[in-house]
Amino acid sequence: MRPVAILQHESAQGPGILREHLEQQCIPFRLLHPALEGRAPVQARDYSGIVVLGSNHCVNEGRPWMADEQALLADALRHDVPVLGHCFGAQMLARAMGARVWRNPCPNIGWSRVWVTAAAQRLMDLPRQATLFHWHYDTFEIPRGAVRTMYGSHCLNKGFRHGRHWAFQGHMEVTAASIAEWCAQGHDELLLARGPAAQTEWQILRQIDLCLPALQALAQRAYGAWTAQLERPRVFAVGSALR
């Protein structure tokens, strides 16, 4: 089976629960660091799926490695290689599909609730409502041909899908350790964040024990539904070729 490409941009924003799921399912993966290496692969057919994780950068910055990622996602769309975008990755997928990305009216940082559409509940094995972890300033429009899967109170478009390509404007992949590291790295940023959807560092850390178990259970189901779409080698029974 071709590996799943995981594009990681920040040390505190790794694949977390997604990595655990891939390892449990014996799905090979390759961890890539475009922001650090200054480039990304552009041939999607080398992989069974493409995962794009979060970033401290904005997709509108136009950095060279972002152009590579856009080329990779465009190639994935052309050849129907399943894409899974988280936050920045969701915005990158939206851009690759011709949609706009712009500043949300307020930052969305910390734990907050989203609502899931009925179709997405069935397809992605998600509940009607869920509390996700968020850390973003931008938002995207739903690309042409895609459908909204999630929406929030302070950011309308929290997710979309287009066939086998799924985008979440939030973080299902986080672990307790990654959230703590993220808060430590973003300590000064959190002191400046203001608005109805921005939590303090204390509020974020205090709710980990309450919110994380349900989020991780939800993530395992969602990731299971996405990886079920990946193409795998056919396995034939011994002697079947002789029949």
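How many nonpolar, polar and charged residues make up the lining of the largest pocket? The model looked at here is a predicted one, and in it the lining of the largest pocket splits into 6 nonpolar, 7 polar and 4 charged residues. The space inside that pocket comes to about 250 Å³. Of its 17 lining residues, those closest to the pocket centre are Ser-55, Asn-56, His-57, His-136 and Tyr-137. Helix 4 (88-96) and strand 6 are the elements that contribute two or more residues to this lining. Strand 6 takes the largest share, with 4 residues.

Strand 6 also turns up when it comes to the aromatic rings. The model holds 7 aromatic pairs. Take Trp-111 and Phe-133 to begin with: their ring centres sit 5.2 Å apart with the planes at 65 degrees, and since an angle over 60 degrees counts as edge-to-face, that is the label this pair gets. Trp-111 belongs to strand 5 (residues 101-116) and Phe-133 to strand 6 (residues 129-140), so the pair ties together parts that lie 22 residues apart in sequence. Both Trp-111 and Phe-133 are buried.

Next comes a histidine in a loop. His-171 is located between strand 9 (165-168) and helix 6 (176-185). Is His-171 buried or exposed? Although His-171 sits in a loop, its relative accessibility is 0%, and because buried means under 20%, His-171 counts as buried. The side chain of His-171 is joined to that of Glu-173 by a polar contact of 2.7 Å.

Which values of phi do they take? Cys-26, a residue other than glycine, has a positive phi near 55 degrees. Asp-125 is not a glycine either, yet its phi is positive, at about 60 degrees. Cys-26 is found in the loop between helix 1 (16-24) and strand 2 (29-32), while Asp-125 lies in the loop between helix 5 (118-124) and strand 6. As for accessibility, Cys-26 is at 67% and counts as exposed, because the cut-off for that class is over 50%. Asp-125 has a relative accessible area of 40%, so it falls in the partly exposed class.

Key:
Residues numbered from 1 in each chain as written. Predicted model: local features only at pLDDT ≥ 70, side-chain atom pairs only at ≥ 80, totals over all residues. Heavy atoms only, no water. Phe/Tyr/Trp six-rings, centres within 6.5 Å; stacked < 30°, edge-to-face > 60°. Buried < 20%, exposed > 50% of the residue type's maximum accessible area, 1.4 Å probe, protein only. 1 Å grid on protein atoms, 1.4 Å probe; cavity = no way out; pocket = protein on both sides within 12 Å on 5 of 7 lines; lining within 4 Å. Points joined across faces, edges and corners; volume = space filled by probe spheres on them. Nonpolar A, V, L, I, M, F, W, Y, C, P; charged D, E, K, R; others polar. Polar contact = N/O pair within 3.5 Å; in protein donor to acceptor, adjacent residues only side chain to side chain.
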